[in-house]
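I opened this model to look up a few local details. My notes are below, in the order I took them.

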Amino acid sequence: MPEVSVEGQLPSSNEEVRKQFRQAASPAVARLTFGLLWVSETAFDLGSTLVSFAVGVWIFSHTGSAQDYSLSVLAAALASMLVTPVAGALADRYDRRWVVLGCDVAAILCTAAVLLSLLADRMSVTAFYLYAAAAAAIGALRRPAIRVAVSNFIAKDRFAQVGGLTGISRSIVQVGAPAASGFLMAYFGLQAVMAVQFCLLAAGALLVFGALTRAGGAARGGSAALAQGSFWASARTSFSGALDYLKEQPLMRSLLLYGALVQCLMVLATTMLTPMVLSTHATEALGTVMSVGIVGGLAGSMLVASSVIKRDLMLWILVCDAVQSAAVLGAGLSTSVAVWCACAFACLFCGSTSVACSYALWMRKAPLAHQGSVFALLAASNMLVMCLVLLAGGYLADAVLEPAFAAGGALSASIGGWFGSGKGRGIGFLFFLCGLCGLALTLLALASSRLRRLDVLVPERAED
């Protein structure tokens, strides 16, 4: 049956549904709808972060191996990549209420299964690998549907604010979730963390379903015309449409490649922050540096959410990335906690601003018909970066650079004269290289007038 519009009439197409909803919906309705989605996404992220921290503690306490924990993260990243084509097709083809609700129900069932296994004392490390992969795949299927829904009922000039608000909630979760998870683990065990995750998922599912129902047909999608034919053929078509868009818009393809390269460098550096600090300082110093960095990320998200940034989003991205790279470079040159705190604040402040602006650009430019696949493709590229970092970063630091900068090492008398030698200096040199490469890449991008002017050179998506 054809989908009924918000006025109760039969629309001629998805475009007509979208026009009718935008005419009928008031800014207050849009704000309330987004507020419900925002709260539900925060609940989902909070639960995921609680469980991720707790599972890491559980695995390490039972095996004593950091590599086992890394494998669980790698399993999650690979699972997210594998479902990319399906995620885009689900978001573009079906009613997004049911897509998200199906993902939430699957996440609730997985959490319940783990909780019951823990209560029966029958949980294993391998089972946690499977759970991590399943949870990551569910999140990867769910995320594009939420993003496409938001882009259909929020005005274009508010997209940057949406990214900023999302960054605020993410920063708050990063601050509070590890402490809350540690408290629950210490006093009640992993079972309590999984029980809290179960409750958060259930509450979030109700909120997001209500929000998408309130948003109307434009945000929900899922017309009868799109639902015809084979799902797998539709998945190939949707994913091919996203690739065709990148072929037709070389500047957006450049943005995808540039973003992946910068993120690769930043993730490689930040992954090594913990061993670099702990090699010469106590855990309190690490906590201070990370806390200051998270405050910087929160401040950057608040800047974007305040509507200060409305134009020249690409220029904001490039300038913020340049400062972020310089901060990473500076952190590698120092062994001072005060300098590390300043660098962490600048790095995460600019990083969160850059991410929010990039998020807004993709929402404004990517065609609505294939936006789900575009967002899924972006997520897949991020997961690919994480896999490469997990595979190469630790080996490069532990097996190559740290021995080279140790006392009497191959580089201790040459480059070590500038960076110092001993524990942590090999990782410091890695920070320096990542910052230097990121800065060079960003300056090259700034030198390109076409990339700087991406906002105006790439056409906005059709308003339909």
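These entries go from the whole chain to single residues.

**Ground rules.** I am working with a predicted model, where local features need pLDDT of at least 70, side-chain atom pairs count only at pLDDT 80 or more, and totals for chains, interfaces and linings use all residues. Residues are numbered from 1 along each chain as its sequence is written, and side-chain values use heavy atoms, with hydrogens and water left out.

**Whole chain.** I looked up the secondary structure and found 21 helices and 0 strands. These are DSSP runs, numbered from the N terminus (helices: H or I, at least four residues; strands: E, at least two). Of the 464 residues, 50% are buried. Buried means under 20% relative accessible area, exposed over 50%, and partly exposed in between (1.4 Å probe, protein chains only). The accessible surface is about 20300 Å², with 68% belonging to carbon and sulfur atoms. Such areas come from the Shrake-Rupley method with a 1.4 Å probe; for residues, only the protein chains shown count as cover. I then checked contacts (heavy atoms within 4.5 Å). Among those between residues at least 6 apart in sequence, 84% join residues at least 24 apart.

**Helix α6.** I compared length with expectation. Helix α6 covers residues 125–153, 29 residues, and at 1.5 Å a residue it should span 42 Å. The rule is 1.5 Å times one less than the number of residues. The end C-alpha atoms of α6 are 43 Å apart, which agrees. I also noted that 22 of its 29 residues are buried, so α6 is largely enclosed by the rest of the structure.

**S80.** This residue sits in helix α3 (residues 66–82). Is S80 buried or exposed? It is buried, because its relative accessible area is 9%. Leaving aside neighbours within four places in sequence, I find S80 in contact with A136, A137, A140 and M383. A polar atom of the S80 side chain lies 3.4 Å from the backbone oxygen of A136.

**F183.** I placed F183 in helix α7 (residues 159–187). At 44% relative accessibility, F183 counts as partly exposed. Together with Y187 and F188, F183 makes a nonpolar surface patch of about 400 Å².

**L446.** Helix α19 (residues 425–447) holds L446. Which residues does L446 contact, leaving aside neighbours within four places in sequence? They are L315, L318 and R452. I also logged L446 and A322: 124 residues apart in sequence, 9.2 Å apart in space, C-alpha to C-alpha.

Definitions and conventions
Polar contact = N/O pair within 3.5 Å; in protein donor to acceptor, adjacent residues only side chain to side chain. Patch = residues over 30% accessible without salt bridge, like charges linked within 9 Å, V, L, I, M, F, W, Y side chains within 5 Å. Salt bridge = Lys/Arg side-chain N within 4 Å of Asp/Glu carboxyl O.
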